[in-house]
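Visitor: Please guide me through this structure, one question at a time.

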Amino acid sequence: MPIQNSPYSAFALLLANAGQPVSPAELHGLLLGRSCAGAGFEIDSWLVDAAELLGGAPVDNVRQALIGLQAMVKDELSGTDMAVVLLLPGDEAPLVERAQALGQWCQGFLGGFGLTARATALSGEAVEVLQDLAAIAQVQSALEESEDAEGDYMEVMEYLRVAPLLLFTECAKRAVVAPTPSLH
């Protein structure tokens with residue numbers, strides 16, 4: 001598949017044509033982060049958070065794309081596949097570009113998670129996932145084209161396809177299991 005026909009490239013072109021300097025990876029990360037933290041799947045609150053990142057209300061075609069992206073994330077998180085599809089440049093893109101988008105995705109995820117996270121403590125495993133994401137966000141420009149770097153990138157990408165599910169499961173479980181305060 002040519003790079004210009006990838007979902008990432010199509011979304012990047014849509015954002016660029018609307019004068020939005022935000023990457024599709026960062027938007028997807030924001031959406032997935034807030035969803036995993038327990039924001040739910042209500043469209044209006046997603047659009048408010050997206051508008052914050054975009055610097056204003058999105059134009060109609062971007063708004064529709066954001067709604068579609070949210071529907072995709074909802075299906076992935078409530079499905080049985082146990083993995084999410086990351087909105088990143090295709091394998092044809094230079095490794096540096098893919099690594100930068102991966103870093104932007106992690107930054108967006110952490111921002112979205114932070115917007116929504118509750119005051120209750122996370123498990124050690126969940127905290128470790130968030131620390132991993134913060135570390136990955138910093139490595140974005142350190143990769144150079146090589147077979148080893150390509151392998152490292154693919155390994156990180158596979159980790160990121162399943163790691164958010166741990167956070168989603170933990171935060172969703174907390175929301176369901178949270179005891180209701182008794183009135184005495």
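Visitor: Are Arg 34 and Asp 49 buried or exposed?
Guide: The class of a residue follows from its relative accessible area: under 20% is buried, over 50% is exposed, and partly exposed lies in between (1.4 Å probe, protein chains only). By this rule, Arg 34 and Asp 49 are both buried.

Visitor: What kind of model is this?
Guide: Residues are numbered from 1 along each chain as its sequence is written, and side-chain values use heavy atoms, with hydrogens and water left out. Local features need pLDDT of at least 70, side-chain atom pairs count only at pLDDT 80 or more, and totals for chains, interfaces and linings use all residues, since this is a predicted model.

Visitor: How many helices does the chain have?
Guide: Helices (H or I, at least four residues) and strands (E, at least two) are DSSP runs, numbered from the N terminus. Along the sequence the pattern reads α-α-α-α-α-α-α. There are zero strands, and the number of helices is seven.

Visitor: What share of the chain do buried residues make up?
Guide: Ala 25, in helix 2 (residues 24–36), counts as buried because its relative accessibility is 0%. Leu 133, in helix 6 (residues 124–138), is buried too, because its relative accessible area is 1%. Of the 184 residues in the chain, the buried share is 41%.

Visitor: How many salt bridges does a search of the whole structure find?
Guide: A salt bridge is a side-chain nitrogen of Lys or Arg within 4 Å of a carboxyl oxygen of Asp or Glu. When the whole structure is searched, the number of salt bridges found is four.

Visitor: How many residues apart are Arg 34 and Asp 49, which meet in a salt bridge?
Guide: The N to O distance between the side chains of Arg 34 and Asp 49 is 2.6 Å. This pair links distant parts of the chain, with Arg 34 in helix 2 and Asp 49 in helix 3 (residues 43–54), and the separation is 15 residues.

Visitor: Which residue forms a salt bridge with Arg 98, its closest N and O atoms being 2.7 Å apart?
Guide: The bridge at 2.7 Å joins Arg 98 to Glu 150. The two belong to distant parts of the chain, 52 residues apart, with Arg 98 in helix 5 (residues 95–116) and Glu 150 in helix 7. Arg 98 is buried because its relative accessibility is 2%.

Visitor: How many residues apart are Glu 158 and Arg 161 in helix 7?
Guide: Their side chains meet in a salt bridge of 3.4 Å, N to O. Glu 158 counts as partly exposed because its relative accessible area is 41%, and Arg 161 is partly exposed at 26%. Along helix 7, the pair spans about one turn, a separation of three residues.

Visitor: How many disulfides does the count give?
Guide: A disulfide is a covalent bond between the sulfur atoms of two cysteines. Here the rule is a pair of cysteine sulfur atoms within 2.5 Å. By this rule, the number of disulfides is zero.

Visitor: Which cysteine has the sulfur nearest to that of Cys 36?
Guide: Cys 36 is buried, at a relative accessible area of 1%. The two sulfur atoms are 7.7 Å apart, which means that they are too far for a bond. Cys 36 is thus in no disulfide, and the nearest cysteine sulfur is that of Cys 171.

Visitor: How far apart are the C-alpha atoms of Leu 133 and Gly 103?
Guide: Leu 133 lies in helix 6. Along the chain, Leu 133 and Gly 103 are 30 residues apart, while the separation of their C-alpha atoms is 8.5 Å.

Visitor: How far apart are the C-alpha atoms of Ala 25 and Gln 100?
Guide: Ala 25 belongs to helix 2. Although Ala 25 and Gln 100 stand 75 residues apart along the chain, their C-alpha atoms are separated by 9.4 Å.
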